[in-house]
Amino acid sequence: QLQLVESGGGSVQTGGSLRLSCTASYSGLPLDLYVIGWFRQAPGKDREAVSCLSSGAGDTKYADSVKGRFTTSRDNAKITVFLQMNDLKPEDTAVYYCAADPLGAIDPVRCTLQDVDFGSWGQGTQVTVSS
């Protein structure tokens, strides 16, 4: 089963930026056959979807709370998926997870924000935004 690793989390002040990365634990394994989603979970709250990126044409979806501030993309080698987070707010504080939906292999425009569709998850990376 695909295993994912997130990196790039940290602590920033309000208005700052961070870029999270998601790669397969097997170095060099491409992720371009998967829909890659980003999710987050704040203490005491349910996990919520942040974004998704399709396997093919780069279709994306974002939660309303992050639209215009967050952008997800792949590198040219299709090995890393990024979540660029700008204009961060204290309410963005959470553990961020990337996840893979294998149905991207048969549907290049699929992009889902439903966590039940994702079968592989990373361990998460902490993002803390201070006011």
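This is a predicted model: local features need pLDDT of at least 70, side-chain atom pairs count only at pLDDT 80 or more; totals for chains, interfaces and linings use all residues.

Trainee: Is T72 buried or exposed?

Mentor: The cut-off for a buried residue is a relative accessible area under 20%. T72 has a relative accessibility of 4%, so it counts as buried.

Trainee: Which backbone oxygen does the side chain of T72 reach?

Mentor: The side chain reaches the backbone oxygen of F82, at 2.9 Å. If neighbours within four places in sequence are left aside, the contacts of T72 include W38, S51, C52, Y62, V81 and F82.

Trainee: In which sheet is β7 found, and what is the order of its strands?

Mentor: The order is β1-β3-β8-β7, in an open sheet of four strands with antiparallel pairing. Its edge strands, each pairing on one side only, are β1 (4–7) and β7. On average, neighbouring strands of this sheet are turned by 15 degrees against each other, direction ignored.

Trainee: How many bridges join the strands β1 and β3?

Mentor: Four bridges join these two antiparallel strands, and S7 has S21 in β3 as its bridge partner. On its other pairing, β3 is joined to β8 by six bridges, again antiparallel. There, C22 stands opposite V81 in β8.

Trainee: Why may β3 be called largely enclosed by the rest of the structure?

Mentor: Five of the seven residues of β3 are buried, and the strand is therefore largely enclosed by the rest of the structure.

Trainee: Which strands are joined to β4 by bridges?

Mentor: Seven bridges join β4 to strand β9 (residues 94–101), and five join β4 to strand β5 (residues 48–53). Both pairings are antiparallel.

Trainee: Is β4 (residues 35–41) largely enclosed or largely open?

Mentor: Six of its seven residues are buried, so β4 is largely enclosed by the rest of the structure.

Trainee: Where do the side chains of a strand point?

Mentor: In a regular strand they alternate between the two faces of the sheet. With that idea in mind, let us turn to the cores.

Trainee: How many residues has the largest nonpolar core, and which have the most contacts inside it?

Mentor: This core has 27 residues, and those with the most contacts inside it are W38, F70, L83, M85 and Y96. At least two of its residues come from each of β3 (18–24), β4, β5, β8 (80–85), β9 and β11 (125–130). Apart from this core lies another, of seven residues, including F39, A49, C52 and A99.

Trainee: With which residues is Y96 in contact?

Mentor: Neighbours within four places in sequence aside, its contacts include L20, F39, V50, F70, L83, M85 and V127.

Methods. Residues are numbered from 1 along each chain as its sequence is written. Side-chain values use heavy atoms; hydrogens and water are left out. Buried means under 20% relative accessible area, exposed over 50%, partly exposed in between (1.4 Å probe, protein chains only). Two strands pair if DSSP finds at least two bridges between them. A polar contact is a pair of N or O atoms within 3.5 Å; within protein, one must be able to donate a hydrogen and the other to accept it, and residues adjacent in sequence count only if both atoms are side-chain atoms. Contact means heavy atoms within 4.5 Å. A nonpolar core is a set of buried Ala, Val, Leu, Ile, Met, Phe, Trp, Tyr and Cys residues joined through side-chain atoms within 4.5 Å. Axes are lines fitted to C-alpha atoms, for helices over the stretch in contact, and angles run from 0 to 180 degrees between N-to-C directions.
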